Amino acid sequence: MKRRPTFYVVNLLIPSAFLMLTDIVSFYLPAHSFDRASFKMTLMLGYSVFLIIVKDLLPSNSSHTPLIAIFFLVSLTFMVSSLFETIIIINIIHQNAKQRKPIPSWMRTIILDYGAKLFWRRGKLPVYHQISRVPQATNITVQDCEMKSSCPEEVEALQALLRRIAEGVEEIKHCLERHDQEWQLEDTWLQIGHILDCFLHFVYCIFFTAFLLTLAITWLM
């Protein structure tokens, strides 16, 4: 009995290729979102169920493993590696950004300088860096107000009130600066995660393309 290659192409290769294409496109989901890991895990489980369903349709040959079975196995391996990559990126972003860990100098040099230029991920500054800085607080004195009052108690009370207001404004300023530094550090870790994600996506596509070319050459030979 002669095998019909169209049957395997339509029922096995094309659905598997669509699932792999979905896995590649899923890299464009936000790297810092847990939904991306859930999506990849669901896709990998769906592919596993697909392999269980079609295992009876695979050609059986005791002499060697068919190429289509190798294609399915390597495709599942790529999906697992893609899920591992997502877990690593999410861990880098959330663990370091939420805990406000300092960024090593070598990471700034390699990833933020060279990596950002390589993948065009420099991006624009956050909103809180685009807003002009609050000017330095000036010392408020009674002489500046040029008050003329015949009651020194009122002058002293007003001076104490202005002093408390100035201290409160200064405290708010320091609090805003501290939050600004924390948000800047968190935004930098997020940018590092995105650059690493682009790099790993690039490596993923290169290895998968090399695998497809190798498989095609082996099949033609």
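Me: What share of the protein's contacts between residues at least 6 apart in sequence join residues at least 24 apart?
Reply: The share is 82%. The model is predicted. Its secondary structure consists of seven helices and zero strands.

Me: How do you know that R36 is buried?
Reply: Buried means under 20% relative accessible area. R36 has 1% relative accessibility, so R36 counts as buried. The residue sits in helix 2, which covers residues 34–54. Over the protein, 29% of the 221 residues are buried.

Me: What makes the approach of R36 to the backbone oxygen of L29 a polar contact?
Reply: The cut-off for a pair of N or O atoms is 3.5 Å, and one atom must be able to donate a hydrogen, the other to accept it. A polar atom of the R36 side chain lies 3.3 Å from the backbone oxygen of L29. The side chain of R36 also reaches the backbone oxygen of F27, at 3.5 Å.

Me: Which residues does R36 contact, leaving aside neighbours within four places in sequence?
Reply: Among them are S26, P30, A31, E85, T86 and D197. F27 and L29 are on that list as well.

Me: Why is the pair of F27 and Y204 called tilted?
Reply: A pair of aromatic rings is described by the distance of the centres and the angle of the planes. The structure holds ten aromatic pairs. For F27 and Y204 the centres are 5.2 Å apart and the planes stand at 50°. Rings pair if their centres lie within 6.5 Å, and planes under 30 degrees apart count as stacked, over 60 as edge-to-face, the rest as tilted; therefore this pair is tilted. F27 lies in the loop between helix 1 and helix 2 and Y204 in helix 7, 177 residues apart. Both residues are buried.

Me: What makes F208 and F211 a tilted pair?
Reply: Their ring centres are 6.2 Å apart and their planes are at 45°, so the pair is tilted. Both residues lie in helix 7, three residues apart, about one turn of the helix.

Me: How do you know whether F208 and F211 are buried or exposed?
Reply: The limit for buried is under 20%. F208 has a relative accessible area of 8%, so F208 is buried. F211 has 13%, so F211 is buried too. F208 and F211 belong to one aromatic cluster that also includes F27 and Y204.

Me: What makes K40 a charge over the ring of F27?
Reply: The distance cut-off is within 6 Å of the ring centre. K40 lies over the face of F27, at 4.1 Å from the ring centre.

Methods. Residues are numbered from 1 along each chain as its sequence is written. This is a predicted model: local features need pLDDT of at least 70, side-chain atom pairs count only at pLDDT 80 or more; totals for chains, interfaces and linings use all residues. Side-chain values use heavy atoms; hydrogens and water are left out. Helices (H or I, at least four residues) and strands (E, at least two) are DSSP runs, numbered from the N terminus. Buried means under 20% relative accessible area, exposed over 50%, partly exposed in between (1.4 Å probe, protein chains only). Contact means heavy atoms within 4.5 Å. Rings of Phe, Tyr and Trp (its six-membered ring) pair if their centres lie within 6.5 Å; planes under 30 degrees apart count as stacked, over 60 as edge-to-face and the rest as tilted. A charge sits over a ring if NZ of Lys or CZ of Arg is within 6 Å of the ring centre and within 35 degrees of the ring normal.
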